Amino acid sequence: MRFHIGRVVATAAVVVGGAAWPSRGDDRLKPALEAVRADAILEHIKVLASDEFEGRAPGSAGEEKTIAYLVDRLKAMGLKPGNPDGSHVQAVPLVGYRATEVKGVIHAPNGDVALEYPRNFVGVSRRLAPEIAVENSDVVFVGYGVVAPEYQWDDFKGVDVRGKTLIMLVNDPPVPDPNDPAALDPATFKGKAMTYYGRWTYKYEIAAEKGAAAVILIHEEGPAGYPFSVVQGSWSGENFEIDEPAAEGAPPRTAVEGWIELETAEKLMAASGKDLATLKKAAIDRAFQPVPLDARAGFSVKTELRKVQSRNVVARVEGSDPALKDEHVVYTAHWDHLGRDASAEGDGIYNGAVDNASGVGAVLQIAEGFAKLSPPPKRSALFLFVTAEEQGLLGSKYYAGHPLHPLEKTLADINIDCVNTWGPTKDVISVGMGQSTLDDLLVELAGAHGRVVKPDAEPEKGFYYRSDHFSFAKKGVPALSAGGGREFIGKDPEFGRRKQEEYTKNDYHKPSDEVKPDWDLSGAVEDVRLLLEVGVRVADGEAWPEWKPDSEFKARREAMLQAAGR
């Protein structure tokens, strides 16, 4: 078979572990592709997801072991330090906070609604004070809590919510398509796909901007993309924030941020003389007005605080072109997970094998592959293993705000968060497909291997906004997050959907996310090799990746490059 990539025609093949992989022209990529092996990725996963690493929480003994392992492996692979100070790490100052006592109650006309932490309510205070109290706060239902001028949408309608407790729905307003009531309007909040307005982080940001005292999201598994148990597990232990002063003019966080499960939300509405289903229906209309519930909320949160000096790990393969080597392609994967629950009966270690020891193993092997390229690509490649992704993308957010290499000279970020452990697929999924020309390159290269690129099968879950590439995108850097698809070779059509649902239900953010004896990483190898090729092409290419005209990030990139004189 002949494979066409640009002007290059290749007929040779690299055989690794019994799988054939086309090389490119003069076999320059052969050693790089050979570095991406299932056994090598699996070995990294077994180490990082072992009980010895204690769930890899920031600020723990597990972090120390993780950082030591990554730096040791990168040095052994021959990668140079990625920090200009000559080290393989970037310090990331964090504040750890753990709620030690959380109480909440809402007094409604038809009776009090008890918020029992963490059974039906999870809440924290990110004001990072030992004790926080909210007393006698009026409760207001604000629909989806969205202010989106580009969609002529404002759920607040000028209502003053300062000092009040806001109840919000998660995700975007599901506005019906006027031409097909069974579908969602593609011209409003991108139809089925989630926008950033649907993310819980946005909800808390807009509540702070409006001066609210507290904000509580109603959890529904479909719109949220995960069960309430994930919220309980993720929020009930120690969490983190970046330890630095707030940006000038930024509003303070609301005193309490939290979630309630659906049944409790229904009881709250009923106790206030309202019907949640009716309110939800009203909230998908632009004419929606905030609904006072004639109820008052009280919260108290006691928090244990500690300062933590966490670290991103960063390594570099220097470009071969003296005129271009200060420009970079970045690969990212988060090394952290949720640590351990010392109070749990039985296994309390959140090993995070798939999430994201697998992505770390993949990027390590891509790094080794780049180190074997001779000559190296024209531009440099940066391999960034970030901390505290599980805490809200904090490590990548810190890097994007304090880049070691200028973002205006960063061509792209390629992120790997969880690899496919179930075998080869015909398709490749690009999360947020259509955002940038990186997708066009991915389509071209996948096609050369007889594969197709498809958009995210569950765009309503907002995966594009849930991993570290988003920190780069928010700053304007084109970002790609892609991996295994749903069309598994030799399996029935529903196999991929079933496996994804099983993982989400049984293992996602649970101690059971461990290495499984039935894993098949052959598909992951194909995906990771493909992403290696994408990075090489960008690093050697004449044209820079660009955001598509309708991307919400395009204007930020243009402003960045214009300010840099490009």
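Which residues point one way from β12, and which the other way? Thr165, Ile167 and Leu169 point one way, Leu166 and Met168 point the other way, and all are buried, where buried means under 20% relative accessible area, exposed means over 50%, and partly exposed lies in between (1.4 Å probe, protein chains only). This is a predicted model, in which local features need pLDDT of at least 70 and side-chain atom pairs count only at pLDDT 80 or more, while totals for chains, interfaces and linings use all residues. Residues are numbered from 1 along each chain as its sequence is written, and side-chain values use heavy atoms, with hydrogens and water left out.

**Overall form**

- The protein chain contains 15 helices and 24 strands; helices (H or I, at least four residues) and strands (E, at least two) are DSSP runs, numbered from the N terminus.
- The radius of gyration of the protein chain is 24 Å, close to the 24 Å that the globule rule gives for 566 residues, so the chain is as compact as a globular protein of that length. This radius is taken over C-alpha atoms, and the globule rule is 2.2 Å times the number of residues to the power 0.38.
- Along the principal axes, the C-alpha atoms of the protein chain fill a box of roughly 75 × 55 × 55 Å.
- Of the 566 residues in the protein chain, 56% are buried.
- Among contacts (heavy atoms within 4.5 Å) in the protein chain between residues at least 6 apart in sequence, 81% join residues at least 24 apart.

**Strand β12 and its partners**

- In strand β12 (residues 165-169), 5 of 5 residues are buried.
- Strand β9 (residues 131-141) pairs with β12 in the parallel sense over 3 bridges; two strands pair if DSSP finds at least two bridges between them. Leucine 166 in β12 is the bridge partner of valine 140.
- Strand β15 (residues 214-219) runs parallel to β12 and is joined to it by 5 bridges. Isoleucine 218 in β15 is the bridge partner of leucine 169.

**Nonpolar cores**

- In soluble globular proteins, nonpolar side chains tend to be buried together.
- A nonpolar core is a set of buried Ala, Val, Leu, Ile, Met, Phe, Trp, Tyr and Cys residues joined through side-chain atoms within 4.5 Å. The largest one has 144 residues, of which Leu166, Trp259, Phe370, Phe383 and Phe385 touch the most other members.
- A second, separate core has 11 residues, including Leu384, Tyr399, Leu404 and Met560.

**Salt bridges**

- Side chains of opposite charge can pair when their charged atoms come close.
- The whole structure holds 39 salt bridges, each being a side-chain nitrogen of Lys or Arg within 4 Å of a carboxyl oxygen of Asp or Glu.
- Arginine 311 and glutamate 64 form a salt bridge whose closest N and O atoms are 2.6 Å apart. This pair links distant parts of the chain, with arginine 311 in strand β18 (residues 291-317) and glutamate 64 in helix α3 (residues 61-76), 247 residues apart.
- Lysine 409 forms a salt bridge with aspartate 326, with the closest N and O atoms 2.7 Å apart. Lysine 409 lies in the loop between α10 (394-401) and β21 (410-415) and aspartate 326 in the loop between β18 and β19 (328-334), so the pair ties together parts that are 83 residues apart in sequence.
- Aspartate 160 and arginine 162 meet in a salt bridge (2.8 Å, N to O); aspartate 160 is partly exposed at 39% relative accessible area, whereas arginine 162 is exposed at 61%.
- A network of salt bridges links Arg126, Glu241, Arg253 and Glu257.
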